[in-house]
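Have a look at the model first, then read on.

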Amino acid sequence: MFWRCLTISNKELQINEEIRDREVRVIGSDGSQLGVMSSAQAMEKAFEQNLDLVKIAPQATPPVCKIIDYGKFRFEQAKRDKEAKKNQRIVDIKEIRLSLNIDTHDFNTKVGHATRFLKDGDKVKASIRFRGREMGHPEQGYSIMRNFAEALSEIANVEKPAKLEGRNMLMFLASKPAK
């Protein structure tokens, strides 16, 4: 009776029978160098220890294989990846809409909201929508955007300066790096 164990390998690493190289450099399960040998001999050594032969450096000459428990290796690798993902910070872009005829109190309220967003580590997209005849006065929009950037200059850098795109004027701000 002949049966074959199903491999649980991924695309990057070759294990056991997938290794087709004639000669490989083998590292033992304890990290010791076992030397260069044929892949069949290396596979026998791995099966003697009830472990897997995994090709860890295919670009080397000869390729480097290590005798390890592949299931445990995959579990620890997944754990490391999960930990790295947990430590990542996803940056959101929050939008603040201004208008051409904004009053000082409304302007200060918008600056306060932008300050809170920037302190939380998010980026801020300031936008002005031009309606009707307002399109004839883009310089007013530029001055409002300039005032908005100056009000936030203590905590923010202008990532993209104000630019008119169709009926919208957009500007992006990002918080200054901590010193």
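What follows goes from the overall fold down to strands, cores and ring pairs.

## The big picture

Keep in mind that this is a predicted model. The chain has four helices and nine strands, and going along the sequence they come in the order β-β-β-α-β-β-α-β-α-β-α-β-β.

The overall dimensions are worth a look. The radius of gyration is 30 Å, whereas a compact globule of 179 residues would sit near 16 Å. Along the principal axes, the C-alpha atoms take up a box of roughly 85 × 35 × 35 Å. Of the 179 residues, 31% are buried. As for contacts with a separation of 6 or more, 53% are between residues 24 or more positions apart.

## Strand β4 and its partners

Strand β4 covers residues 52-57, and five of its six residues are buried, so the rest of the structure largely encloses it. Which strands does β4 pair with? One is β1 (residues 14-15), which runs antiparallel to β4 and is joined to it by two bridges; here I15 faces V54.

The other is β5 (residues 64-68), also antiparallel, with five bridges to β4. A57 has V64 of β5 as its bridge partner.

Nonpolar side chains in soluble globular proteins tend to be buried together. In this model the largest nonpolar core holds 21 residues, and L98, I128, F148 and L152 touch the most other members. The elements giving two or more residues to this core are β6 (93-98), α3 (104-119), β7, α4 (138-151) and β9 (168-175). Which of them gives the most? That's α3, with five residues.

Beyond residues up to four places away in sequence, F148 touches I96, L98, F107, K110, V111, A114, A126, M171 and L173. There is also a second, separate core of 10 residues, with A42, L51, C65 and I67 among them.

## S127 in strand β7

S127 sits in strand β7, which spans residues 123-129. Is S127 buried or exposed? Its relative accessibility is 5%, so S127 counts as buried. Setting aside neighbours within four places in sequence, S127 is in contact with E95, I96, R97, L98, M145, M169 and L170.

## Ring pairs

There are two aromatic pairs in the structure. Y70 and F73 make a tilted one, at 6.1 Å centre to centre and with 35° between the planes. Both residues belong to helix α2 (residues 70-86), where Y70 and F73 are three residues apart, about one turn of the helix. Y70 is buried, with a relative accessible area of 0%, while F73 is partly exposed at 22%.

The other pair is F107 with F148: the ring centres are 6.0 Å apart and the planes meet at 80°, so this pair is edge-to-face. It links distant parts of the chain, with F107 in helix α3 and F148 in helix α4, 41 residues apart. Both F107 and F148 are buried.

How values were computed:
Residues are numbered from 1 along each chain as its sequence is written. This is a predicted model: local features need pLDDT of at least 70, side-chain atom pairs count only at pLDDT 80 or more; totals for chains, interfaces and linings use all residues. Side-chain values use heavy atoms; hydrogens and water are left out. Buried means under 20% relative accessible area, exposed over 50%, partly exposed in between (1.4 Å probe, protein chains only). Contact means heavy atoms within 4.5 Å. Two strands pair if DSSP finds at least two bridges between them. A nonpolar core is a set of buried Ala, Val, Leu, Ile, Met, Phe, Trp, Tyr and Cys residues joined through side-chain atoms within 4.5 Å. Rings of Phe, Tyr and Trp (its six-membered ring) pair if their centres lie within 6.5 Å; planes under 30 degrees apart count as stacked, over 60 as edge-to-face and the rest as tilted. The radius of gyration is taken over C-alpha atoms; the globule rule is 2.2 Å times the number of residues to the power 0.38.
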